[in-house]
Every structure is written in structure tokens, then in C-alpha cells.
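Here is a friendly briefing to read alongside the model. Keep the viewer open as you go, and pick out each residue as it comes up.

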Amino acid sequence: MKAAHVVVVGWDGATFDIVKPMIAAGRMPVLEKFLRDGVHAPLCSTVPPVTPVAWTSFATGCTPGRHGIFDALTLDPASHEVRFVSATMRRAAPIWAVLSDRGRPAGAVNVPVTWPPDPVDGLVISGMFTPSYAEDYVHPPELREKIEARFGPCRDSPNMDPDPGRYLQNLLAGVDARCELTLWLMAQKPLDYFCSVFMESDRVQHFFWAYRDPSHPDHAVLGQAIEAVYERLDAALGRILDACPPDTAVALVSDHGAGPLKRAIFLNRWLMDNGFLTLSGELAALAARHHAPSGLKKAVVALAKAILPESVLEARRKAKSKAFARINNLFSAIVDWDRTTCVSEGIAGGIFFNPKLVGEADRAELTRRLKEGLLAIVDPQTGAHPFAAVYAREELYNGPAVSGAPDVITLCGPGYQVLVPHEIALYEQGAPTGLFATHKWSGRHEQYGVFALRGPGVAAGVELADAAMADVTPTLLYALDEAVPENMDGRVLAGAFTAETLAARPPQTTTATASMTGAAGTDGAQANQIADELSDLGYM
């Protein structure tokens, strides 16, 4: 009726839109049986459906208004400084800290926004948004030496490569490497809870979605790139399942879905054109301060990565990170804050009000004007509305952290994504001259990811409805026969369990556990290193 262990396999960005046709074609036999033996559901992501926001909701069982992570980047309205998020900004305890506090050893590997790692009884290897050269990315610290001696330095996902064929091979090898590390860690110490996240599903969708189009000139070669990575993930899932004791509940989780990306919209251009935002400098000059690398330079870098020793490459990366010293703040630095009422920052198209010019009495009217104007935009090339919805933060979020959210949150319509200010400095075509532009990605995030669960007390062959990201952790706590902290916003997905299980042990709640992360916040140097790392991955 209850599990002694929980193992979570994370597939970042995985979507049933890819999974179900592959299962129907017999290409994911492990997952097909997994779904048949347990329950599954489309998993509603956070708003916005952005990696750091959604995985933090997964980890904490809380919505953003409580856990305090709203984007990959944050803007301080007073200082106008833009920084990457870290676990020090998280205002709720993750499940591995909750369980550790209760005397149950737990571990998390490669979950985004877990640096600095929580000092749990178990292990934490931090994931995306860890500075490239952080020394403290593994807990306990002595585990790092063992891992690096056996597997080399940990990266949250494989190196980007200018050649798409080579990049695909890197992604496939990355799945295998993550699987080997996962299995090795599972064998080192029995844990009551263990989570390992594979990022390759997200990366392949961002960069290879366009090849799915039969009219693409490289469709014959790369049109099945996404499916190839999913097949490799399916094989890895099979190996992980084989390593689990029979009293283990196993969950498969993705933080959001994926779909095609056709056009980018430069939200700050609209704010400028409509009198909300004024610059003290020129966008063209901004772009000139950091040129995107040419194709030749990218090829030289790829060759260097192939032939130079790691020590030389590390020295190069450390030197390169200095070039990103102002990358996040290049745009903020040319905003005329004496004449600007609001600005868009972050990767999700959030809009921040300037408290110097916008008082509490002005907020409702400014929000109304933004909603009315943004929802009226029509792309002259497609006839579509690039924005599907615009919200005041209070319409979306509840909790003690709401004041840290953007004042207005935008959601793009199908095929669109906001062009982020810091991308201007690296955009290969220079600063956009109009409202719309192309984007370096051809795949984007969608609202619904994947949830599946099987194990002791779990129903079989059931598809659930209304599952949300914050529900995953309460559900896993229940699978372990653990009470759910009362500050969690998510609920136990009761439909995932048999009637006999629910009758024998109804879900229980208990008082909250304080967050265990206790280190300094992301400083400027660390933020630069994160920018460097994300640039190498093609995220900037």
C-alpha cells in the first residue's frame, strides 16, 4: 500500500505530443509499459512555463507566489540590476530537504535552480543555473571528487556544437552519460527519495523542431532528431527501472511541453513605440558592444574543443566569462529611468514597473493600458495575435513572494516568443529594427508537460485530469506515506492511487519545514559565469 522509496526521472520539456505517436509506432516500449502499469496525465506547467519556475514548483510543491522564482532573470526595481536566479532566492523547502529533515535520506541530481546545494542527508548535485566554475555544486563535498574521477566534470547538458549533426550526437551521448551517473549514484547509498533530470529532451526540441518540416532541406537527415533522443531516453528509463527495488514508486516528470517557434516579438520595441520606455542610447550601439560570433569563429571554437586539453579550455572559458561582465545589464544600462514607466526583462516577457514614476494609485490604469495595447497587436505577416494573454501579477499569484514577480506577465500565442533584451547583444542579425524578428530556436515551451507514476498503491492504466506542477511533490510524499507540509499549494493527486490505499491511509498534512539552503546569493561574478554557460548552450 505504500512505497519505501521514490525515484523521479525528469525529462525536461518532454511532451505527450511527441511521446504518444512514438508509443503508437512501437518506438518507446519501456514508457508504453510504464503508462500501462500506472497512471499518467498531461502536467500543467507554471505560468509562465519556464524551466526555473516550473522545476522549483516541482521541488517545493508550491506555486511561484510562494516559492519566489518567477523567471530565469530578476530585475531589482530600485537598483535596476538584472541577475540570474539561484536557490538562495527560493522561499520554500524542496522535497529532498523536507524528507532529510524527517530523517529520510534524499537526493537530487541536475534539477535546475538547486545551486547552492541543500545540505541534506543524502546528496545534491546542482543543475542548470549553476555557475560554470562553482566549486560547491555537490553535497556532500567529498562526493564531487569521486564523481569527477569517474565521470569527469558535471554539466547540466551536453556542449553546443555549430554542426547540428554533431550536436545531435552530443545530445545522445549526454543521455547515456546522465544514465550512467544516475545508476552509479543509486548504487552508492540507498535513498528514500532520488531525482535525476535529463535536459536533452528540451535542448533537442529547441534546436531541431524545424527539421520536422518535410520541406526543410535537411529533413531527410535530421527530421527524426527529436525522436532519436526520446528513444534514447526510453532506453535509459528502462535501465533505471531495472535498478529500482520492487517497493519503489517511480515517477516520470517534465516541467513543460514543447512546440514549434516561428517568430519572435521584441516586446521592448512596442513599449518604446508606445511611450512606456525611453532609452538613453541606441540599440544598434548596444548590439555593437558585443558581436555575435561568425560562422568561421564558431567552427574554430568547435575545432579547439576537439583538440585542446581541458585545462586550456577551462582557462579560455574563465577568460571568456569576463566578456559577459555586463551582458545581463547592457539593456538596463541604456534605459532612461527618469522617463520610463516600465520595461520588459527576463526570458518570459514579464514587465516591471518603475517605482520612481509608477505609484500604487497608477498601477491599475497602467496595467489596463498594457493589456489593451498588447492584446491588440497583430503580426502583419501572419495575421495572428502574438500575445494570447496578459495578466497583472495579482491575477496569477498568491503568497508572500508575489511582490518579487514582474508587475505584468505576458503569454505568447502559438508559435511566438518574446525576444529577450540580453539576446540583442548576441543576436546574429544585430538589433531588430522592427517589432518582429526571427529567433535562433525553432522550438519553444508549451503549457503541458508529462506526469506518470507507477508503484505500490498506485492505480493501473488510469489517465488523470487536472494535474499541475505543484501537485507532484505532495503526491510523491503521499506515496511514501509522509504528511504534506501545510504551506504546499499542491494537492495529493488522489486519483493516482487505488481506493484501498486511500481508505487505509487518507492524506495527512503537517507543519511546514524551513528552507535548508544557506549560502550567499548569486553575486556578479557568478552571474557572469552562468551567462557564459548558458551562451555555450545556445541559451543566450
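Between which two strands is the loop that holds His-256? His-256 sits in the loop that runs between strand S9 (248-253) and strand S10 (257-260). Please keep in mind that this is a predicted model. The protein chain contains 20 helices and 23 strands, and 59% of its 540 residues are buried.

**The chain as a whole**

- The protein chain has an accessible surface of about 20,600 Å², and carbon and sulfur atoms account for 53% of that surface.
- Among contacts in the protein chain with a separation of 6 or more, 74% are between residues 24 or more positions apart.

**Around His-256**

- His-256 counts as buried because its relative accessibility is 0%, under the 20% cut-off.
- Leaving aside residues up to four places away in sequence, His-256 touches a set of residues that includes Asp-12, Gly-13, Ala-14, Ser-45, Asp-202, His-445 and Gly-449.
- Thr-51 is also touched by His-256, and the two side chains make a polar contact at 3.4 Å.
- A polar contact also joins the side chain of His-256 to the side chain of Asp-255, at 3.2 Å.
- Gln-447 is 191 residues from His-256 in sequence, yet their C-alpha atoms are 5.7 Å apart in space.

- S1 is mostly covered, with 7 of its 7 residues buried.
- His-5, Val-7, Val-9 and Trp-11 point one way from S1, whereas Val-6, Val-8 and Gly-10 point the other way.
- S1 runs parallel to S9, and 6 bridges join the two; here Val-6 stands opposite Ala-249.
- S1 also pairs in the parallel sense with strand S8 (residues 193-198), again over 6 bridges, and Val-197 in S8 is the bridge partner of Gly-10.
- As background, strands of a sheet pair through backbone hydrogen bonds, in either a parallel or an antiparallel way.

- Thr-15 has its place in the loop between S1 and helix H1 (16-24).
- With a relative accessibility of 2%, Thr-15 counts as buried.
- Not counting residues up to four places away in sequence, Thr-15 touches Gln-205, Tyr-230, Gly-257, Ala-258, Tyr-448 and Val-450.
- Tyr-448 is a residue that Thr-15 touches, and His-256 touches Tyr-448 as well.

**Aromatic rings**

- The count of aromatic pairs comes to 12.
- One of these is edge-to-face: the ring centres of Trp-11 and Tyr-230 are 6.4 Å apart, so they fall within the 6.5 Å cut-off, and their planes stand at 75°, which is over 60 degrees.
- Because Trp-11 lies in strand S1 (residues 5-11) and Tyr-230 in helix H10 (residues 225-242), the pair ties together parts that are 219 residues apart in sequence.
- Both partners are buried: Trp-11 has a relative accessible area of 1%, and Tyr-230 has one of 0%.
- Tyr-416 and Phe-436 form another edge-to-face pair, with 6.3 Å centre to centre and 65° between the planes.
- That pair links distant parts of the chain, with Tyr-416 in strand S16 (residues 416-418) and Phe-436 in strand S17 (residues 436-437), 20 residues apart.
- Tyr-416 and Phe-436 are both buried.
- Tyr-167, Phe-207, Phe-208, Tyr-211 and Trp-441 are linked into a cluster by ring pairs.

**The sheet with S16 and S17**

- S16 and S17 belong to an open sheet of 3 strands, in the order S16-S11-S17 and with mixed pairing.
- S16 and S17 each have a single partner strand and stand at the edges, so one side of each is left without a neighbour in the sheet.
- Strand S11 (residues 263-265) runs parallel to S16, joined by 3 bridges, and Ala-264 has Gln-417 in S16 as its bridge partner.

- Arg-212 lies over the face of Trp-209, at 5.0 Å from the ring centre.
- Arg-505 lies over the face of Tyr-478, at 4.2 Å from the ring centre.
- Tyr-478 is one of the buried residues of H18, and helix H18 (residues 472-479) is mostly covered, with 8 of its 8 residues buried.

How values were computed: Residues are numbered from 1 along each chain as its sequence is written. This is a predicted model: local features need pLDDT of at least 70, side-chain atom pairs count only at pLDDT 80 or more; totals for chains, interfaces and linings use all residues. Side-chain values use heavy atoms; hydrogens and water are left out. Rings of Phe, Tyr and Trp (its six-membered ring) pair if their centres lie within 6.5 Å; planes under 30 degrees apart count as stacked, over 60 as edge-to-face and the rest as tilted. Helices (H or I, at least four residues) and strands (E, at least two) are DSSP runs, numbered from the N terminus. Buried means under 20% relative accessible area, exposed over 50%, partly exposed in between (1.4 Å probe, protein chains only). A charge sits over a ring if NZ of Lys or CZ of Arg is within 6 Å of the ring centre and within 35 degrees of the ring normal. Contact means heavy atoms within 4.5 Å. A polar contact is a pair of N or O atoms within 3.5 Å; within protein, one must be able to donate a hydrogen and the other to accept it, and residues adjacent in sequence count only if both atoms are side-chain atoms. Accessible areas come from the Shrake-Rupley method with a 1.4 Å probe; for residues, only the protein chains shown count as cover. Two strands pair if DSSP finds at least two bridges between them.
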